[in-house]
Amino acid sequence: MSLPESSAVATPTLDVRNLCTSFYTRAGVLPAVRDVSLRVQPGRVLGLVGESGSGKSVTGFSILGLVDAPGRISGGQVLFKGRDLTGLSPAQLRDLQGNRIAMIFQDPMMTLNPVLRVDTQMIEAVRAHRPLSKRDAREHAARTLALMGIPSPEERLRAYPHQLSGGMRQRVAIAIALLHSPDLIIADEPTTALDVTIQAQILSEVQKLVREHGTSLIWITHDLSVVAGLADDVAVMYAGRIVEQGSVDDVLDRPQHPYTQGLIDSLPSRNRRGQRLRQIPGMAPDLLSMPAGCAFAARCSRASHLCAEDPPLRDVGPGQTVRCFHPGAADAQ
Amino acid sequence: MRSEQIPLIELNQVSKTFGKPTPDHSVQRLLQRLQLSRAKPVTHAVDRVDLRIHRGEVVGLVGESGCGKSTLGRMVAGLLPVSSGTASVDGKSLDSLTAEERHAVRLKVQMIFQDPSSSLNPRLRVDRIVGEGALLHGLTDKAGFDDYVSAQLQRAGLSQQFRQRYPHQFSGGQRQRIGIARALAVQPELLVCDESVAALDVSIQAQILNLFMDLRDELSLTYLFISHDLGVVEHLCDRVVVMYLGRVVESASVDDLFARANHPYTQALLAQIPRFDVRSTRYDAIKGEIPSPLNPPAGCHFHPRCPHAMARCREEVPVLREVSPNHLSACHLNEQ
């Protein structure tokens, strides 16, 4: 599968192979990410979808080397432009973090220091990776804020984070992520806590930037509707594994995995108004005591004796893979 | 017809302000002139709102954060006193009731909160959380307590074996069910659901919404459903009220509102929802953010963000008018 270095066009920005991340807690080993493989090409947007506890955020953290003890990457490779990140020293990683790869968090206050003004933080972030004078760094910061559609950027630079609204804070956090025009941005639910109007504004800015700069973007979310409007490809996670992956049109219009189908069917907009919603029975399994075989089997209407074993990833169409023994379109209703 | 019935809840020109205006006397004025004291800011969280909820109706209340929808919901539930205006339950004004009567009226309206973990006492077992209110109000006695609690839990879709557990032993969806069981235990007629499914995963959200719909049929409940998720509101509600910065800007039946939104704010809000069946959307955002309620713009609160704003909008507050039967909207454009 590995491609020669010369064919730079075909080298994906990010190629995650069989990534495993576990947390070694007192209560036992918690396999948060199990055997996850992903590829993101330049200028493409991958939506990483899953419910809470599915391992989507830990996958994002693992790519950037941000998993803290007791967590550890226990297997697999993270190839960023062909270079494996899992073996890098902390200093080598720091060179990439915030520079070539950036992360946006759900809560902008995780990015922003509450006791420093915005300009102090942005200048520091610019100068961490580029030898610029403070004045040039400040100018660059103001330009990046303007790029994110922030009105009167000079004024915002002098503000403290608490003086900004939630939507404005998230834009500043995104602007900081964009300072060095990274090749890859990992966005972990950045619009979940915002109003629809603010969410739409931020989505439109992000979309424009990705198109113009050829940045690769991983958008982690639980909201299928956001993925439908924003992403090119989508990967659906359940209990630490990717259960279905493919282009947005294939996966959302012709879902093959019963979990993906269940998720789509439970959206209110996919149901007749006022009728009972189709729901997935039960709840996600406890990662500390995972059942053997398919993790979804206990909630699945198609489960059979086969599902007591781990289902392999299989191709169901060009570029669409599913981890299920009984893939297929939803039963006729 | 409905309009002749006495509404279950009726709010008349209800306002809620936070922060007391500084007393206006000579010493205070002198201090202010010497800049030793400043006038305290007053927030108009809810500004002269009329709201009628009829028995059996599901009313959706939508708007951005900070628009006053939660404050209004809390006033309906009697958790916050109104600053001005009147609130009536079953045609009786709350002011005219004795303390004892008010106690009984309050029971009719119960609230279900957004965050199921912070609205449950972590140190109480589930049976006390669910049954304490009913015991206090004499809806059950010590002898029948266990059976009563079990029945409430079962109705909310929980096993009665959970009675002796603590809230932290449950998942988010189950905790929300405990909150529902607690509300149902005092046999209310109206449930005020404040973002009750916002914190839940999609598959769990569907389970809780189904529970709400089943309970509506089973117990003929009335709902005030506060949400920023228009998809959920469209699915569940009969009528929708849209708020912006403390005022109601539009109110209509669900069909009318989603098909023929009249107010520019409602139109913008509807255009912003990410839709599952629309791919590679180009988001055309409405400009700006919701202004601070401490210092709202004059005239129509929406005019700084409105694409159709005229000179009149900056000066005169538009009133709610009927634009078609049972469809109210507050916009100057309708009078041209």
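Start in chain B and select β6, β7, β8, β3, β9, β10, β12 and β11: in that order they form an open sheet of eight strands with mixed pairing. (Strands are DSSP E runs of at least two residues and helices are H or I runs of at least four, numbered from the N terminus; two strands pair if DSSP finds at least two bridges between them.) This is a predicted model, where local features need pLDDT of at least 70 and side-chain atom pairs count only at pLDDT 80 or more, while totals for chains, interfaces and linings use all residues. Residues are numbered from 1 along each chain as its sequence is written, with chains lettered from A and ligands numbered from 1 in the order in which they are written.

Now colour β6 (109–112) and β11 (321–324) of chain B: these are the edges, each with a single partner strand, so one side of each has no neighbour in the sheet.

Zoom in on β6(B), which pairs with β7(B) (residues 190–194) in the parallel sense over four bridges. Pick Q110(B) and you'll find it opposite L191(B) in β7(B).

Next, hop to chain A and show α3 (118–129) and α4 (134–147), which pack at about 110° with axes 9 Å apart. (Axes are lines fitted to C-alpha atoms, for helices over the stretch in contact, and angles run from 0 to 180 degrees between N-to-C directions.) α3(A) and α4(A) are therefore roughly perpendicular, a label for angles of 65 to 115 degrees.

Last stop: show both chains, where the contact takes 36 residues from chain A and 34 from chain B. (Contact means C-beta atoms, placed from the backbone, within 7 Å.) On chain A's side, α7(A) gives the most, with eight residues.

Methods. Contact = placed C-beta atoms within 7 Å. Parallel < 35°, antiparallel > 145°, perpendicular 65-115°, else oblique.
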